[in-house]
Amino acid sequence: MFDAKTLKYQQSHEWCAADGTVGISDHAQKEITDVVFVEPPKVGRKVKRGEACAVVESVKAAFDIYAPVSGEIVAANAEAAKAPEIVNREPYGKGWLFKIKASAPDEMSALMDSAAYEKFLASEAAHGSH
Amino acid sequence: MTTSTLPRRTALFESHQRLGGRIVDFHGWELPVQYESIIKEHDAVRDRCGLFDVSHMGQIFATGPGALEFLQKVNANDIARINPGRSAYSHLPNERGGVVDDVIVSCLAKGRYLVVVNAATSDKDFAWFLKQAKGFDVALDNKSDDYGMISVQGPKAAPLIELMAPAAARLPRMGALELELYGTPCVVTRTGYTGEDGVEFIVPNHIVVRLWEDLIAQGQSFGVAPCGLGARDVLRLEAGYLLYGQDIDESHTTYEAGCGWLVKLDKGEFIGRSALAAQKKDGVKRRLAGVKLLERGVPRHGAPVLLDGRQAGVLCSATYSPSLQAGIGVGYLDRPDPVPGTKCAVSLRGREVPAEVVEVPFYRSPHLKKGA
């Protein structure tokens with residue numbers, strides 16, 4: 001289980017750990033609700049920052065998951081594909097999606113820290129974007 | 001009737017907010033798409049009991065010596081067969097056999113009928129009724145703004161209703177009853193849109209909140225759950241019910257929608273009869289078919305369906321089915337003949353997912369007795 005406070009985030013609500021593990025935020029799993037399908041990327045795939053590389057689907061809609069950093073996919077969570085509800089239950093733990101070996105580590109510093117992400121969520125809520 | 005384009009709220013709007021409902025704009029109505037979880041609400045209805053605010057739906061009363069004759073003209077179903085105290089599902093055909101709306105007609109008494117219509121079509125339906133009613137001795141009254149509607153659905157609906165309105169709990173399937181709740185005249189029908197047993201309370205706005213709160217309080221011991229539009233859509237698709245505007249409309253006929261059973265060509269003249277009779281004779285060129293995914297994936301509205309590698313249609317309604325634990329959908333296929341078991345594929349985000357044509361309803365409740 002990752003500590004949400006230590007993770008980095010991007011505006012499309014993915015989190016990224018220092019070791020390159022990627023998942024969706026608690027806010028995102030609440031918005032998506034009832035995840036019923038997870039399609040992780042293939043291990044070995046090279047992705048660019050911002051590239052859609054996985055899909056999380058709920059009963060009502062499909063959501064693209066964007067790579068927070070560029071690099072190579074070195075692991076994908078088969079458990080989440082098998083039991084998608086763990087993305088709702090443990091978004092920062094067993095519900096992780098994939099792991100990237102970052103090719104440009106400085107991209108990591110461009111991501112929001114947890115305080116900045118909280119602020120971003122608050123401003124989104126204030127603008128009624130949901 | 002409101003002319004405002006602002007979203008409309010049902011009498012239960014504040015109740016939904018208090019219960020944590022996630023409010024969305026549904027055809028101009030602010031209604032909860034879900035409270036906590038679509039799947040949990042779905043499961044509550046399949047296993048126990050769910051409450052739905054369906055106050056957005058419309059109510060048109062047809063009264064008078066010519067009411068039956070008028071309703072025969074505008075309905076494809078045979079309204080003469082609906083005895084007092086009974087309801088029937090019907091389509092309102094246009095001249096081409098297309099569907100103006102799908103409705104539940106209840107006979108409250110001889111010469112007194114209630115037509116429950118869809119929210120988005122209630123104004124259109126009423127205008128259509130007024131146009132067609134010329135020369136009939138019938139009074140038409142659109143009470144859509146005055147009535148709210150609460151649907152109580154699930155295997156525990158009957159024992160819950162027993163506590164609230166014993167007479168309603170004794171109604172047979174598709175029964176209809178006028179009764180008093182809190183001293184106010186109301187209508188209850190043994191109908192629903194979920195494939196489970198249940199009733200729908202059609203009550204004046206001023207008692208809707210009271211009824212909702214009493215149902216929630218009395219329903220605690222039955223595990224009752226307030227349910228949103230999300231669960232309602234999944235439940236109705238599993239049960240094979242059509243959604244007007246998505247699965248049927250003015251350009252698709254009742255036969256094409258697979259509801260030929262309700263077209264009673266032998267009842268006499270009615271709007272669209274000749275078009276429907278011709279289609280019955282010649283056969284349909286497309287038909288609404290059910291499709292179930294054989295691999296993981298969630299089909300969506302608009303997804304192409306491929307038969308023998310060729311696009312045969314697109315899905316008009318589709319979802320993940322918690323009851324089947326598979327993706328399901330319905331769509332008009334230009335080959336009207338594929339039998340259940342026919343292999344096909346659904347194109348999802350550029351991926352061709354293996355699927356097969358299946359019988360609709362996708363799900364039959366084990367709680368409902370056969371033929372009920």
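**Ground rules.** Because this is a predicted model, I took local features only at pLDDT of at least 70 and side-chain atom pairs only at pLDDT 80 or more, while totals for chains, interfaces and linings use all residues. Residues are numbered from 1 along each chain as its sequence is written, and chains are lettered from A and ligands numbered from 1 in the order in which they are written.

**Helix 5, chain A.** I started with residues 114–126 of chain A, which make up helix 5. Helices here are DSSP runs of H or I with at least four residues, strands are runs of E with at least two, and both are numbered from the N terminus. Helix 5 of chain A reaches 18 Å from its first C-alpha to its last, close to the 18 Å expected. The expected span is 1.5 Å times one less than the number of residues. Then I checked its cover: of the 13 residues in helix 5 of chain A, the count of buried ones is 1, so I noted it as hardly covered. Buried means that 20 or more other C-beta atoms lie within 10 Å of the residue's own, exposed means 12 or fewer, and partly exposed is in between, with C-beta atoms placed from the backbone.

**Strand 10, chain B.** Next I went to residues 147–153 of chain B, where 7 of 7 residues are buried. Which residues sit on each face of strand 10 of chain B? I found Tyr147(B), Met149(B), Ser151(B) and Gln153(B) on one side, and Gly148(B), Ile150(B) and Val152(B) on the other, and both faces are covered.

I looked up the partners too; two strands pair if DSSP finds at least two bridges between them. Strand 4 (residues 49–53) of chain B runs antiparallel to strand 10 of chain B, with 4 bridges, and Leu51(B) stands opposite Val152(B). Strand 13 (residues 198–204) of chain B is also antiparallel to strand 10 of chain B, over 7 bridges. There, Met149(B) faces Ile202(B).

I noted a cis peptide bond from Val360(B) to Pro361(B), omega near 5 degrees. Pro361(B) is in the segment after strand 20 (351–358) of chain B.

Two non-glycine residues with positive phi went on my list. Thr33(A) has phi near 55 degrees and is in the loop between helix 1 (26–32) and strand 4 (35–39) of chain A. Thr33(A) counts as buried because it has 21 C-beta neighbours inside 10 Å. Arg349(B) has phi of about 50 degrees and lies in the loop between strand 19 (343–348) and strand 20 of chain B. Arg349(B) has 15 C-beta neighbours inside 10 Å, so I put it down as partly exposed.
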